[in-house]
Amino acid sequence: MNWLNVQGLKIRYFVQGEGNNIVFLHGYSFNIETWLSINIIEELSKNYKVFAIDMPYGLRSRSDKFYSNNRDEYADFLNKIFLELNIISPIIVGASISGEVTLRYILRKYDARAAVVIAPSGISEIEEKLSEIKIPLLIVWGDKDDLIPLRNAYILKEKVKNSQLKIINNAKHACYLDKPDEFKGYLKEFLLSLEK
């Protein structure tokens with residue numbers, strides 16, 4: 001594990017591999033270890049430079065925390081992390097709150113090649129702007145999500161023209177943990193489609 005200082009906060013991150021940048025961002029109840037537990041970082045690091053970052057929110061994040069009612073501030077903070085780590089044109093994978101932060105990051109016109117959002121929160125707050133997203137977007141949702149309504153997946157798919165939607169059956173909010181192999185399969189297909 002590594003640490004960096006951003007705006008006076010200590011931020012923990014993990015990095016492995018070489019190649020184009022992929023960044024994994026955890027949900028509110030999780031941290032870097034969540035991604036390590038399903039081996040996705042190890043698998044992708046054979047072809048990509050893979051980062052996982054403990055964001056300054058969440059129950060288990062080891063990073064110093066700050067709290068804001070304005071989620072755009074988290075998107076701005078994410079951009080500062082990327083600048084510190086020299087992460088250029090990343091493919092961002094964000095779950096739940098980090099999915100929302102990822103969408104806000106894109107809407108604020110920060111640098112990204114593509115994104116994967118897993119049952120992002122806060123869709124209703126940014127729904128009118130979603131059509132501004134032009135980069136490739138993979139949307140992943142569990143059909144048994146009991147936190148964020150599945151209908152939000154279809155709203156997001158309708159608003160973002162350059163998007164794909166994958167529904168994971170018999171999976172809850174953290175669908176990538178309930179069905180990791182299925183999630184990894186969809187993610188790898190999406191990454192391959194970006195190379196064409």
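I count a residue as buried when its relative accessible area is under 20%, and as exposed when that area is over 50%. I keep in mind throughout that this is a predicted model.

**Helix α3**

I began with helix α3, which runs over residues 71–85 and so comprises 15 residues by the DSSP assignment. From the first C-alpha of α3 to its last I find a reach of 22 Å, which is close to the 21 Å expected at 1.5 Å a residue.

I then looked up which residues of α3 are buried, and the list is D72, Y74, A75, D76, F77, L78, N79, I81, F82 and L85. Asking what covers these buried residues of α3, I noted that the cover includes the strands β1 (2–6), β2 (9–16), β3 (20–25), β4 (48–53) and β5 (91–95), together with helix α4 (97–107).

At the N-terminal end of α3 I looked for a cap and found N70, which has a side-chain oxygen 3.0 Å from the backbone nitrogen of D72.

I next checked Q7, which is not a glycine and yet has a positive phi of about 50 degrees. I place Q7 in the loop between β1 and β2, and those two strands are among the elements that cover the buried residues of α3. Is Q7 buried or exposed? I record Q7 as exposed, because its relative accessible area is 55% and the cut-off for exposed is over 50%.

I also checked N39, another residue other than glycine with a positive phi, here near 65 degrees. N39 is found in the loop between α1 (32–37) and α2 (40–44). I record N39 as partly exposed, because its relative accessibility is 39%, a value between the two cut-offs of 20% and 50%.

**N152**

I located N152 in helix α6, which spans residues 151–159. N152 counts as buried because its relative accessible area is 13%. Leaving out residues up to four places away in sequence, I find that N152 touches I123 and W141.

**The largest pocket**

Last, I looked at the largest pocket, in which about 200 Å³ of space lies. How many residues line the largest pocket, and which lie nearest its centre? I note 14 lining residues, of which Y28, S29, S96, L147 and H173 lie nearest the centre.

Definitions and conventions:
Residues numbered from 1 in each chain as written. Predicted model: local features only at pLDDT ≥ 70, side-chain atom pairs only at ≥ 80, totals over all residues. Heavy atoms only, no water. Helix = DSSP H or I, 4+ residues; strand = E, 2+ residues; numbered from the N terminus. Buried < 20%, exposed > 50% of the residue type's maximum accessible area, 1.4 Å probe, protein only. Contact = heavy atoms within 4.5 Å. 1 Å grid on protein atoms, 1.4 Å probe; cavity = no way out; pocket = protein on both sides within 12 Å on 5 of 7 lines; lining within 4 Å. Points joined across faces, edges and corners; volume = space filled by probe spheres on them. Expected span 1.5 Å × (residues − 1). Polar contact = N/O pair within 3.5 Å; in protein donor to acceptor, adjacent residues only side chain to side chain.
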